[in-house]
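Please keep the structure shown below in view while reading.

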Amino acid sequence: MSLSSLIKVNLTFSGGVELLFNNIKQKIIEIPSTINPPKPTTMEDLILWIKNNLLQERSELFVSGNTVRPGILVLINDTDWELEGELEYEIKNNDDIVFISTLHGG
């Protein structure tokens, strides 16, 4: 039997991506983290959790496979997620994760 605890994460959606989340720009969530056996919760887990629990419409505009679509900038604690390991980054309590759409219609 595995035990789990909750990790608090501060999410921000902007640049238009918030429209996919019912215009929610900021949300504090708690996601499960497996303790026994220990398994870190990664950005890949978080993206899947967001897709299944927060995304309101048109998931294809936010996710592609197991990651965010090209054109969505992801910041982890004010650092580009490419410098943090992208999908493999291990979520820590009180992390600030920001999703910003860099694509705009015209």
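This is a predicted model: local features need pLDDT of at least 70, side-chain atom pairs count only at pLDDT 80 or more; totals for chains, interfaces and linings use all residues.

## Order of elements

Of the 106 residues of the chain, 35% count as buried. The largest nonpolar core holds 27 residues, and within this core Leu11, Met43, Phe62, Ile97 and Phe99 touch the most other members. Two or more residues of this core come from each of strand S1 (3-14), strand S2 (26-36), helix H1 (43-53), strand S5 (72-76) and strand S7 (95-101).

Which residues does Met43 touch, leaving aside those up to four places away in sequence? The contacts of Met43 are Val74, Ile76, Trp81, Glu86, Leu87, Tyr89, Ile91, Ile97 and Phe99; two of these, Ile97 and Phe99, are also named with Met43 among the core residues that touch the most other members.

## Surface and largest pocket

The accessible surface of the chain comes to about 6,400 Å², and carbon and sulfur atoms account for 49% of that area.

The largest pocket has a volume of about 200 Å³. It is lined by 13 residues, of which Gly16, Val17, Leu20, Leu61 and Ser101 are the closest to its centre. Sorted by class, the lining of the largest pocket consists of seven nonpolar, three polar and three charged residues.

Terms used. Residues are numbered from 1 along each chain as its sequence is written. Side-chain values use heavy atoms; hydrogens and water are left out. Buried means under 20% relative accessible area, exposed over 50%, partly exposed in between (1.4 Å probe, protein chains only). Accessible areas come from the Shrake-Rupley method with a 1.4 Å probe; for residues, only the protein chains shown count as cover. On a 1 Å grid over the protein atoms alone, a cavity is a set of points where a 1.4 Å probe fits but cannot get out, and a pocket is an open set with protein on both sides within 12 Å along at least five of seven lines; lining residues have an atom within 4 Å of a point. Grid points are joined across faces, edges and corners, and a volume is the space filled by probe spheres set on the points. Ala, Val, Leu, Ile, Met, Phe, Trp, Tyr, Cys and Pro count as nonpolar, Asp, Glu, Lys and Arg as charged, and the others, Gly among them, as polar. A nonpolar core is a set of buried Ala, Val, Leu, Ile, Met, Phe, Trp, Tyr and Cys residues joined through side-chain atoms within 4.5 Å. Helices (H or I, at least four residues) and strands (E, at least two) are DSSP runs, numbered from the N terminus. Contact means heavy atoms within 4.5 Å.
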